[in-house]
Amino acid sequence: MSVKGDRAYELFKAGYNCSQAVFGAFCEELGVDFDTAVKLASGFGGGIGRMREVCGTFSGLTMAASLIYGYSDPKELEQKTELYEKIRSLGNKFREDNGSIICRELLGLQQAEKSAIPEARTSEYYQKRPCAELCRYAADLLAEFIERHPVK
């Protein structure tokens with residue numbers, strides 16, 4: 001476990017969505033102020049807008065990794081390829097350890113949510129969902145990846 005994993009877990013428990021929790025845990029190192037970070041990540045919660053598609057924790061991880069390893073020149077195909085390889089590697093590890101990168105599959109749901117209204121954060125909510133631990137996992141995964149793959 002890492003400090004980043006603990007921070008992401010705490011942020012989720014404080015009411016931030018899964019994507020905000022993971023991305024927010026890295027905001028200082030990324031040079032992004034916390035309010036901007038959580039605002040940027042806000043739409044990715046609940047599997048992107050609560051549609052239960054790509055897990056918000058993986059979306060937050062991807063945004064952070066993109067700021068660390070990403071590119072800005074669209075002609076830099078080598079940098080683009082290297083970034084995509086990193087994201088795919090992280091996605092494969094996430095999938096291997098958790099069974100999926102799809103929110104509804106991680107939650108054991110048969111179909112997407114019909115409502116955009118988020119559930120109340122009650123003790124029952126936290127007991128039935130793996131989201132807080134997935135926030136910790138995703139932030140730990142990225143922190144470990146960064147240690148093994150320092151920025152050039």
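Modeller: We'll talk about the core and then one loop. This is a predicted model, where local features need pLDDT of at least 70 and side-chain atom pairs count only at pLDDT 80 or more, while totals for chains, interfaces and linings use all residues. Residues are numbered from 1 along each chain as its sequence is written, and side-chain values use heavy atoms, with hydrogens and water left out.

Biologist: How many residues are in the largest nonpolar core?
Modeller: That core has 43 residues, and Phe 12, Phe 26 and Phe 58 are among those with the most contacts inside it. A nonpolar core is a set of buried Ala, Val, Leu, Ile, Met, Phe, Trp, Tyr and Cys residues joined through side-chain atoms within 4.5 Å. Buried means under 20% relative accessible area, exposed over 50%, and partly exposed in between, using a 1.4 Å probe and protein chains only.

Biologist: Which helix gives the largest share of this core?
Modeller: Helix 9, residues 131-148, with 11 residues. Helices here are DSSP runs of H or I with at least four residues, numbered from the N terminus.

Biologist: And what does Phe 12 touch, leaving aside neighbours within four places in sequence?
Modeller: Its contacts include Tyr 125, Tyr 126, Cys 131 and Cys 135. Contact means heavy atoms within 4.5 Å.

Biologist: New topic: where is Gly 47?
Modeller: In the loop between helix 4 (34-41) and helix 5 (56-69).

Biologist: Is Gly 47 buried or exposed?
Modeller: Buried, because its relative accessible area is 0%. Beyond its neighbours within four places in sequence, Gly 47 is in contact with Arg 52, Glu 53, Val 54, Gly 56 and Cys 103.

Biologist: What about Arg 52, buried or exposed?
Modeller: Arg 52 is at 6% relative accessibility, so it counts as buried. Arg 52 is in the loop between helix 4 and helix 5, and its contacts outside four places in sequence include Gly 46, Ile 102, Glu 113 and Arg 129.

Biologist: What's the phi of Arg 52?
Modeller: Near 65 degrees, a positive value in a residue other than glycine. Most residues other than glycine have a negative phi. Arg 50 lies in that loop between helix 4 and helix 5, and has a positive phi near 60 degrees.

Technical notes. Helices (H or I, at least four residues) and strands (E, at least two) are DSSP runs, numbered from the N terminus.
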